[in-house]
Amino acid sequence: METPRSSHNPAFISPEVHSSYSCDESCCVSVEETEAIDFLETQSPSGTTPIHRPSLKERASQAERDSAVALEIAYDGTQFSGFAKQPQGFTVQGEIEQALSLLMRRPVEVVCAGRTDRGVHCRSQIVSFEADRAEMMLRTPHGWCRSLNALVDTAITIKAIALMPAGFSARFDALNREYRYFISTTPYRSVLNEGRCWDLGKPLDLEAMTAAAHYLVGEHDFASFCMAASAKGKSTIRSIESIALEDAELCGEPMLQITIIGNAFLHSMVRAIVGTLVAVGRGRREPAWVASVLAARDRQAAGENAPAAGLVLWSVGYPLNLTILSEATWPAQWDQASVCL
């Protein structure tokens, strides 16, 4: 089930807490009334040094411009070396920043929630950057989207744009991330979904996989589910709100869809989780094995990384108290854009 969203602008707003999903209980594992991470407070995972998350007011006081802008984007990740800009590599961030810098005639840097790996796709992701109201008034929302889409690679689309208060950050204001992974278990290749799923070609034991997923829900040290090099010197404590396994379709072909929602994810964490659950689903491991994998805090203890092609960053959740103008009201109400805190 897709996350419900506010009527202000369905592209951007979602509830603070996801506590229930319309799937069969045997295939959905969730933390009821999970406490959302407060985007204005200090986050302190148990057993780790407190992590300071600057408040909106703190960020606004340090902002160089009077507003911020949020873009909703989607992309086919096949040809990209991930989202994050790299010295050598074709990236989503690089494409968007180049287009924005050209249109705004100045260097523009964007931030995001959910930096995807090489080959991972995205249905809905928010990126933000600092801007002045005056320069944004030079185009309508439709004009901005049209101009940006003309400049970025065709594997990227700008779906929506919104004016935000100074200090808004797509990264720091995000409450959670939702990823979906698609697996084909049919005996034939799913040719219409090539590059969109893990073509496993074998049936999986969903009951065993669901039992295994129970061990992963909640706050844990996920060191066993991330690349060791990327986690060096950093906290590997994360909180997973829910893991749901359910039947789905892509281009009319049956799929197993694994939906994982959490406050944040480590490098390759979702793919490592899926690979570990598949090892259980194939009967190679018992569900209880997952508990020992968590305790090991060693990447070699877990299953293989599932292929990037089957993973989609589905959505990012933000607080309901962020008021964002819709495209229809942008020109008339631009000066009244605000955030209700």
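Is Arg 105 buried or exposed? At 79% relative accessibility, Arg 105 counts as exposed. The points below place this residue and others within the predicted model.

1. Confidence and overall make-up. The structure is a predicted model, and the mean pLDDT of the protein chain is 82, with 78% of the residues scoring at least 70. Over residues 1-26 pLDDT stays under 50, and the model has 72 contacts beyond four places in sequence for them. Over residues 32-49 pLDDT likewise stays under 50, with 40 such contacts in the model. The chain contains 9 helices and 11 strands.

2. Burial and contact range. Of the 341 residues in the protein chain, 55% count as buried. The accessible surface comes to about 15,700 Å², and carbon and sulfur atoms account for 50% of this area. Where contacts link residues at least 6 apart in sequence, 72% of them join residues at least 24 apart.

3. The nonpolar cores. The largest nonpolar core has 80 residues, and those with the most contacts inside it are Leu 71, Ile 183, Phe 225, Ile 243 and Ile 258. Helix H7 (residues 269-281) supplies the largest share of this core, 9 residues. A second, separate core has 5 residues, among them Phe 182, Cys 197, Met 255 and Val 312.

4. Surroundings of Phe 225. Residues up to four places away in sequence are left out of this point. Phe 225 touches Met 269, Ala 272, Ile 273 and Thr 276, among others.

5. Helix H7. How many of the 13 residues of H7 are buried? The count is 13 of the 13, so H7 is largely enclosed by the rest of the structure. From its first C-alpha to its last, H7 reaches 18 Å, close to the 18 Å expected at 1.5 Å a residue. Gly 283 follows H7 and has a positive phi, near 85°.

6. Strand E11 and its partners. Strand E4 (residues 121-131) pairs with E11 in the parallel sense over 2 bridges, and His 121 has Val 312 as its bridge partner in E11. Val 312 is also one of the residues of the second core. Strand E6 (residues 176-184) runs antiparallel to E11 and is joined to it by 6 bridges. In that pairing, the bridge partner of Arg 177 is Val 316.

7. Strand E10 and its partners. Of the 10 residues of strand E10 (residues 253-262), 9 are buried, so E10 too is largely enclosed by the rest of the structure. E6 and E10 are paired in the antiparallel sense over 7 bridges, with Ile 183 bridged to Leu 256 in E10. Strand E9 (residues 237-250) also pairs with E10 in the antiparallel sense, over 10 bridges, and Ile 243 stands opposite Ile 260. Both Ile 183 and Ile 243 are listed among the residues with the most contacts inside the largest core. The hairpin of E9 and E10 has 2 residues between the strands, and Cys 251 there takes a positive phi near 55°.

8. Ala 308. Which residues are in contact with Ala 308, leaving aside its neighbours within four places in sequence? They are Arg 118, Gly 119, Val 120 and Arg 271. Ala 308 and Val 120 are 188 residues apart in sequence and 5.1 Å apart in space, C-alpha to C-alpha. Ala 308 is found in the loop between helix H8 (289-296) and strand E11 (311-317). Its relative accessible area is 13%, under the 20% limit, so Ala 308 is buried.

9. Most residues other than glycine have a negative phi. Arg 105 is not a glycine, yet its phi is positive at about 60°; it lies in the loop between helix H2 (92-104) and strand E3 (111-112). Arg 297, in the loop between H8 and E11, has a positive phi near 50°. The loop that holds Arg 297 also holds Ala 308.

Notes
Residues numbered from 1 in each chain as written. Predicted model: local features only at pLDDT ≥ 70, side-chain atom pairs only at ≥ 80, totals over all residues. Heavy atoms only, no water. Core = buried A, V, L, I, M, F, W, Y, C linked by side-chain atoms within 4.5 Å. Buried < 20%, exposed > 50% of the residue type's maximum accessible area, 1.4 Å probe, protein only. Helix = DSSP H or I, 4+ residues; strand = E, 2+ residues; numbered from the N terminus. Contact = heavy atoms within 4.5 Å. Expected span 1.5 Å × (residues − 1). Areas by Shrake-Rupley, 256 points an atom, 1.4 Å probe, with all protein chains shown as cover. pLDDT = per-residue confidence, 0-100. Pairing = 2+ DSSP bridges.
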